[in-house]
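Here's a short walk through the model, meant to be read with the viewer open. Take a look at the structure first, then read on.

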Amino acid sequence: MLSIRDLSLTIGDTTILNHIELDISPGRVMGLVGESGSGKSITALAIMQLLPNASTTSGTIDFDGRNLLQATEKQMCALRGDDIGMVFQEPMTALNPVKTIGEQIAEGIRFHTGASGANARDRTIKILEQVGLPVAKFPLSRYPHELSGGQRQRVVIAIACAMKPKLLIADEPTTALDVTIQAQILDLLRNLVDENKMGLLLISHDLGVIANTADDITIIRTGNIIEAGSTHDILRNQSHPYTSQLIEASTHSPRRNLKPVTAKSSIAAKTSPLLQVNNLICEYPGRRKSLFRKPTAFRAVDDVSFEIFPGQTLALVGESGCGKSTLARTLLRVQEPASGEINFEGNNLLTASRSQIFAARRHMQIVFQDPYGSFNPRHKVARIVSEPMHLAAEKLTRLELVDALEQVGLQSDDLEKYPHEFSGGQRQRLAIARALVTKPRLIIADEPVSALDVSIRAQVLDLLNELREKFGLAYLFITHDLGVVRAFCDDVMVMKEGKIIERGAVSQIFDHPKTAYTRQLLAASPNLQTILKQTKT
Amino acid sequence: MTYFLIRRFTSLLITLALATVVIFAVMEIVPGDPAQIILGIGATDETLAALRQQMGLDQPLITRYLQWVSGMLIGDFGTSYTYAVPVWELIAERTIVSLPLALIALALSTIIAIPTGIFAASWRGKAPDTGIMGLTQMGIAIPNFWFAMLMVYVFAVMFQLVPAGGFPGWQAGIFVALKSLILPAIALALPQAAILARVTRSALLESLGEDYIRTARAKGLTRSMVLWRHALRNALIPVLTIMGLQFAFLLAGTIIIENVFYLPGLGRLIFQAITQRDLIVVQSTVVLLVATVILINFLVDIAYAWVDPRLHAERS
């Protein structure tokens with residue numbers, strides 16, 4: 001149905017795509033996997049002919065006997081949304097905030113069929129039902145902001161599928177969503193493919209997602225197709241070295257030379273905890289419903305107690321909005337808790353004086369998800385990395401700075417550079433270097449590898465592991481990615497709606513989850529290792 | 001929505017009350033004794049004291065403030081020191097010039113600016129866009145009084161289409177009155193239009209870069225359909241903000257243009273009242289203008305809520 005032959009694309013002097021070949025047949029899911037910058041999204045935009053103005057293309061994109069590269073804009077408008085639909089990554093911004101969902105779905109139907117208002121309305125209701133938003137619960141008059149991320153993504157899928165397209169392109173459709181929602185959306189896409197016999201081009205950086213859903217896989221790297229074939233064959237044979245490298249990186253687990261430090265072993269060894277949190281409660285002021293009543297507060301962290309021992313890596317997992325980040329911010333005293341106790345190295349941080357808090361902060365550092373957002377773009381690396389020391393009113397010698405950089409695998413001449421000169425992985429290394437200069441004992445890592453490509457993620461995990469073994473660092477590792485938890489952490493706490501609902505050693509919780517919620521999380525998160533094992537047999 | 005409106009309205013009243021205090025206090029600090037100015041420097045102390053007593057200037061501050069505010073609440077703005085007529089009459093007689101002028105100017109500026117901004121945005125980076133941006137740059141840079149004089153020379157002196165200045169009053173006939181307002185309105189509107197056009201263009205370009213535009217394009221809509229149906233309404237919010245600010249300026253900030261055209265407007269009233277230390281007129285006019293500005297902001301807030309459904313988020 002869709003067959004791309006020898007597609008090359010350049011923007012200015014840069015080659016983005018190099019002789020791409022790709023085939024999609026009706027009723028099948030083609031997974032396009034690659035790391036960021038590999039040309040996945042540009043391939044999708046080339047099919048849609050929604051490329052940036054400055055790009056030039058060669059080759060053919062044959063769709064139902066028509067070369068899309070030669071189609072006029074008018075012909076493309078007739079195809080887009082009718083025979084070819086597209087779903088994007090960011091459901092939060094993909095819908096127009098000032099129009100109701102009904103209007104936005106009906107708009108495409110009316111444009112392509114010239115249907116009357118009532119007719120389009122009926123079809124809108126039908127398609128919404130098909131994507132799991134029954135009109136009784138989700139009236140057409142809803143605005144996007146009245147829906148959750150997963151629900152919005154369903155609306156975007158409804159828009160794309162309203163005309164029963166022959167081809168659906170889904171560009172990272174679940175990357176911004178929680179695992180349980182991700183599983184639901186992937187199921188929905190799979191069902192639509194089976195029901196409507198459409199072809200699906202599923203684009204993702206996550207091999208696990210693709211392996212779970214796609215019939216065929218194409219692997220792309222820096223604008224070149226590495227290999228293509230059925231999912232089973234690709235995963236089983238791993239014939240191309242890059243493929244096996246990608247699979248290794250996706251399932252990478254740092255090699256531990258020292259024994260894991262779990263709460264159980266620490267208590268047995270009578271080590272006193274580094275951080276002890278007792279009955280912590282954090283609240284946000286709620287929405288005022290009446291002028292005369294006090295608004296009811298929203299409890300983001302609800303009576304949480306836990307301990308972290310020196311050298312222990314404790315994972316905090318949960319879906320977005322469960323209170324993970326609020327907890328981290330409160331531990332750093334960026335945010336005030338409503339009540340509770342935070343003891344760090346024996347000092348109660350909530351009653352401590354300013355100087356004691358400063359001292360405590362030296363030993364407790366943070367690494368964020370998006371390192372770029374946490375650097376001042378006008379500061380050089382030397383200043384960024386020594387930033388925590390301004391707080392401690394000490395100056396770092398150049399030697400110490402170089403040492404900090406070398407520990408994270410960067411060089412001394414990087415000190416004179418600006419953050420924008422680094423890649424995503426290098427920036428995360430910088431963030432780690434910055435956290436390390438004060439010789440901390442605990443690092444709070446808030447989704448430290450979520451924004452990174454798999455190969456970089458493997459390297460950063462290795463680095464964190466090395467530092468853990470070298471300095472006996474403890475980590476509070478906040479993540480939504482259960483794969484990373486299994487690969488890297490000692491103990492795990494599962495958080496739901498502000499409460500810790502389950503805790504224990506990672507292997508114990510993951511292999512024998514006690515609560516239904518944990519089971520659900522585990523079932524929903526795509527597990528590449530299990531799939532690999534299945535293909536072997 | 002109702003809650004949003006109540007909250008905004010409450011804050012409107014509080015702001016207004018605070019404004020009266022500030023204005024009153026500033027007027028007290030300003031040097032110059034109204035009684036002295038009325039009677040001239042040759043006046044004796046007794047006559048001065050008598051006049052002060054008659055004007056109520058000998059009362060304590062608080063009493064005078066309360067009298068002034070409570071008077072305004074029942075529509076009594078006091079009596080002008082210089083003209084010895086009720087302030088309310090002075091203001092009313094000027095407002096019937098200034099308000100229509102401001103409205104015409106705002107309408108003109110909107111009619112010119114929004115289509116121009118949309119046109120420039122849809123030709124982004126091409127010749128029409130560059131040309132329009134150059135023109136708006138000039139519109140902002142050229143002082144409006146200079147432009148006003150140019151227009152007077154061309155349209156009033158050379159072609160004699162409209163009067164060069166003055167205002168015949170509405171009793172002379174609506175058409176005649178409007179004729180004398182049209183040049184000042186254009187002079188006021190052009191620089192405002194230049195600013196508004198630029199704001200419209202950049203707001204539109206920003207919303208054209210949003211993800212939902214890509215979604216709409218993937219639906220099959222053409223470039224221009226996307227602009228009109230999806231980008232424009234989202235771009236209206238900054239445009240409304242600027243329009244609110246501009247209207248407030250047009251109502252009171254037009255002293256120069258009123259002087260160029262000899263128009264008896266509010267701007268000139270304040271200017272004259274200040275030079276004559278006619279404090280009661282200054283105070284009352286300023287309060288009225290503050291009230292108008294606050295009211296316009298309130299209306300702009302309501303317009304926001306109308307444009308952006310996220311602001312009437314009471315349904316759950």
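Predicted model: local features only at pLDDT ≥ 70, side-chain atom pairs only at ≥ 80, totals over all residues.

Residues are numbered from 1 along each chain as its sequence is written, and chains are lettered from A and ligands numbered from 1 in the order in which they are written.

Now find helix α3 (residues 101–113) and helix α5 (residues 149–161) of chain A: their axes sit 8 Å apart at an angle of about 20 degrees. Helices here are DSSP runs (H or I, at least four residues), strands are E runs of at least two, and both are numbered from the N terminus. Axes are lines fitted to C-alpha atoms, for helices over the stretch in contact, and angles run from 0 to 180 degrees between N-to-C directions. So α3(A) and α5(A) are roughly parallel to each other.

Which residues make the contact? α3(A) brings A:Ile101, A:Gln104, A:Ile105 and A:Gly108, and α5(A) brings A:Val155, A:Ala158 and A:Ile159. (Contact means C-beta atoms, placed from the backbone, within 7 Å.)

**A sheet in chain A**

Over in the sheet, 6 strands of chain A line up as β16-β17-β18-β13-β19-β20, open and with mixed pairing. Strands pair if DSSP finds at least two bridges between them. β16 (364–367) and β20 (499–505) of chain A are at the edges with a single partner strand each, so one side of each has no neighbour in the sheet. From one strand to the next, the twist averages 15 degrees.

β13 (residues 313–317) and β18 (residues 474–479) of chain A pair in the parallel sense over 5 bridges.

Chain B splits into domain 1 (2–73) and domain 2 (94–309), with bounds from an automatic or database domain assignment. Their centres, taken over C-alpha atoms, are 33 Å apart. Domain 1 of chain B puts 16 residues into the contact and domain 2 of chain B puts in 14.

Between the chains, 19 residues of chain B touch 26 residues of chain A. On the chain B side, α9(B) gives the largest share, 6 residues.

Notes: Contact = placed C-beta atoms within 7 Å. Parallel < 35°, antiparallel > 145°, perpendicular 65-115°, else oblique.
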